[in-house]
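Please read the following note beside the sequence and the model.

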Amino acid sequence: MRRCSGGWSRGVSAAAAAAKPADFGGEVAALYETWFRQAAPSWETHVDALRRLSGGRDGWPAAILDVASGPGQPAMRLAEAFPSATVTATDVSPDMVAKARAHAAAVGVALTCRELDMQRMDGIVDGSVDAVSINYGLMFAADLPLALSEVKRVLAPGGVLTATVWTEMPVVPFVGRVMTRVLGRAPPPPPINPMSLAEPGSLDGPLAAAGFEVLDDRRCPLDFELPRGDEEAAWKLATIMVNATLREMHESGEHGNVWGKAREAALAELQAWKTADGAYKVPTATYRLVVARKPAA
């Protein structure tokens, strides 16, 4: 596994800005899970960060809140790595919460699963958790300062936030090229924009304003493959961030056979990623891990 670069030395698109949460239900939830499984190396960065911070202390962290867990990660890995901790997996999507609950039950991991909006963490008591993990979730907060204020509220004094955000993701320009073919012009910003926090200042400023101290900041590579030998799954997965938009446009009938145009465009673009053995190898993505602490007093 390739390692992150960086050290332990440091002491939203317009459409996404609407209050409506990102749509990760139904078929999109199933497709997203395929991407999610390949993100396993990033789950370990949360585990490693908390292990370094624990310094071998028994019983810390005692309570971990995983926000935007999707199908249950990194919550499940955190529960395995810290068996004495109470770990709660949360997501705004009921479909994702159901998948997380099923996955945890299937492997016997002790995990509490519940619906939760990161911008309104109802039912989470002030200062009640030692660590909050957010894996590729902060980018989808309609109000990032509000989400960070909620994270700070539920953290105990001296508690930590571990968060990952995308810095490079080749499927984003890929989707842009597909949508340009479909629309005949450059598309507006996508409704789900995973690159909204790619620029360092877009996260650093809100973290500082919320009163967090950044302890660690590093860049990490991540490789993905699309389903081998399954063109239908491959093009739908590669365009997952606009899947709901494409369906809505197609069903409206105002733009013709949008679904067919998107399929044709995506399959044409995918040829550049096709390998000799029939796999689709996505160019390497990179993400940023930030570890930040709430002041102890």
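1. Tyr287 is buried, at 1% relative accessibility; buried means under 20% relative accessible area, exposed over 50%, and partly exposed in between, with a 1.4 Å probe and protein chains only. Trp166 also counts as buried, at 6% relative accessibility. The rings of Trp166 and Tyr287 have their centres 6.4 Å apart and their planes at 85°, so they form an edge-to-face pair. Rings of Phe, Tyr and Trp (its six-membered ring) pair if their centres lie within 6.5 Å; planes under 30 degrees apart count as stacked, over 60 as edge-to-face and the rest as tilted. Because Trp166 lies in strand E6 (residues 155–168) and Tyr287 in strand E8, the pair ties together parts that are 121 residues apart in sequence. Helices (H or I, at least four residues) and strands (E, at least two) are DSSP runs, numbered from the N terminus.

2. The basis of these values should be kept in mind. The model is predicted: local features need pLDDT of at least 70, and side-chain atom pairs count only at pLDDT 80 or more, whereas totals for chains, interfaces and linings use all residues. Residues are numbered from 1 along each chain as its sequence is written, and side-chain values use heavy atoms, with hydrogens and water left out.

3. How many aromatic pairs does the structure hold? There are six aromatic pairs. In one of them, the rings of Tyr136 and Tyr287 have their centres 5.7 Å apart and their planes at 90°, so this pair is edge-to-face. It links distant parts of the chain, 151 residues apart: Tyr136 is in the loop between strand E5 (129–135) and helix H5 (144–154), and Tyr287 is in strand E8 (residues 280–293). Tyr136 is buried, with a relative accessible area of 5%. Together, Tyr136, Trp166, Phe224 and Tyr287 form one aromatic cluster.

4. Two arginines lie over tryptophan rings. Arg57 is over the face of Trp60, at 4.7 Å from the ring centre; a charge sits over a ring if NZ of Lys or CZ of Arg is within 6 Å of the ring centre and within 35 degrees of the ring normal. Arg247 is over the face of Trp259, at 4.3 Å from the ring centre.

5. Helix H9 (residues 243–252) and H10 pack at an angle of about 140°, with their axes 8 Å apart. Axes are lines fitted to C-alpha atoms, for helices over the stretch in contact, and angles run from 0 to 180 degrees between N-to-C directions. H9 and H10 are therefore oblique to each other; angles under 35 degrees count as roughly parallel, over 145 as roughly antiparallel, 65 to 115 as roughly perpendicular and the rest as oblique. Asn243, Leu246, Arg247, Met249 and His250 of H9 make the contact with Val258, Trp259 and Ala262 of H10, where contact means heavy atoms within 4.5 Å.

6. Helix H8 (residues 231–238) and helix H10 (residues 258–270) pack at about 95°, with their axes 9 Å apart. H8 is thus roughly perpendicular to H10. From H8, Glu231, Glu232, Ala234, Trp235, Lys236 and Ala238 meet Trp259, Ala262, Arg263, Ala266, Leu267 and Leu270 in H10.

7. Glu150 lies in helix H5 and is buried, with a relative accessible area of 12%. Leaving aside its neighbours within four places in sequence, Glu150 is in contact with Met118, Gln119, Arg120 and Met121.
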